[in-house]
Amino acid sequence: MVVPHHPTGARLARHRLADDLADVVPPTLLADLIAVLAELVGNAVRHARPLPGGVVRVAWRLRPSVDGPRIQLRVTDGGASTGPRIRTANPDAADGRGLHIVAGLATRWGVERDGLGQRVWAEFDPAPAPRPDLVPAG
């Protein structure tokens, strides 16, 4: 999907993701996916150049596994002079925590660069299915 390199792009991406995956993943995972996608698109809009046409490319991929779908989110932009990195935010700072959110919710995340820009991705491994035959000790 292609969204404008504008704050409205994050809203459009969140709504499309929610519509596409609402019946596929559990609600708590969907909430995490939406939060991470919003951060990644927001960072692309705030800190990177657009792709040609003034856009950002957003994609997600589901790969089946025995425990549930493994999901990868990808946001591609025109790149910036410095790459995305986790930074230390002042307690009073209004921003600077986005990639902490991404790192906390996703199983892993990273950045790939090529001659056209950069792709920031986040992956979510499925939670193991509950085992009704196991009872917690205690």
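**A colleague's note on the sheet, its helices and a few residues**

1. Residue numbers start from 1 along each chain as its sequence is written, and side-chain values use heavy atoms, with hydrogens and water left out. Please keep in mind that this is a predicted model, where local features need pLDDT of at least 70, side-chain atom pairs count only at pLDDT 80 or more, and totals for chains, interfaces and linings use all residues.

2. How many bridges join S4 to S5? Seven bridges join them, and the two strands run antiparallel. Two strands are said to pair if DSSP finds at least two bridges between them.

3. Strands of a sheet pair through backbone hydrogen bonds, either parallel or antiparallel. Here, five strands make an open sheet in the order S1-S2-S3-S5-S4, with antiparallel pairing. Strand S1 (2-4) and strand S4 (108-114) are the edge strands, each pairing on one side only. On average, neighbouring strands of this sheet are turned by 20 degrees against each other, direction ignored.

4. Three bridges pair S1 with S2 in the antiparallel sense, and Val3 stands opposite Val56 in S2. Between S2 and S3 there are seven bridges, again antiparallel, and here Arg61 stands opposite Gln72 in S3. S2 and S3 form a hairpin with six residues between them, and Gly68 in the turn has a positive phi of about 130 degrees.

5. Next come the helices. Helix H2 (residues 27-47) lies across S1, S2, S3 and S5 and runs at about 15 degrees to S3. For such angles, axes are lines fitted to C-alpha atoms, for helices over the stretch in contact, and the angles run from 0 to 180 degrees between N-to-C directions.

6. How do H2 and H3 meet? Two packed helices are described by the angle between their axes and the distance between the axes. The axes of H2 and H3 come within 9 Å and cross at roughly 145 degrees. This crossing of H2 and H3 is left-handed, a word used if the near helix is turned anticlockwise from the far one by less than a right angle, with right-handed used if clockwise. From H2, Asp32, Ala35, Val36, Glu39, Leu40 and Asn43 meet Gly98, Leu99, Ile101, Val102 and Leu105 in H3; contact means heavy atoms within 4.5 Å.

7. Which residues touch the most other members of the largest nonpolar core? Among its 27 residues, they are Leu33, Leu37, Val41, Val58, Leu73 and Phe124. H1, H2, S2, S3, helix H3 (98-105) and S5 each give two or more residues to this core, and H2 gives the most, with nine. A nonpolar core is a set of buried Ala, Val, Leu, Ile, Met, Phe, Trp, Tyr and Cys residues joined through side-chain atoms within 4.5 Å. Buried means under 20% relative accessible area, exposed over 50%, and partly exposed in between, with a 1.4 Å probe and protein chains only.

8. Glu123 is worth a look. Glu123 is found in strand S5 (residues 117-124). Is Glu123 buried or exposed? Glu123 counts as buried because its relative accessible area is 11%. The side chains of Glu123 and Arg108 are joined by a polar contact of 2.6 Å. A polar contact is a pair of N or O atoms within 3.5 Å; within protein, one must be able to donate a hydrogen and the other to accept it, and residues adjacent in sequence count only if both atoms are side-chain atoms.

9. Finally, compare two prolines. Pro52 has its place in the loop between H2 and S2 and counts as exposed because its relative accessibility is 77%. Pro126 lies in the segment after S5 and is buried, with a relative accessible area of 14%. Leaving aside neighbours within four places in sequence, Pro126 is in contact with Ser65, Asp67, Gly68, Pro69 and Arg70.

Notes:
Helices (H or I, at least four residues) and strands (E, at least two) are DSSP runs, numbered from the N terminus.
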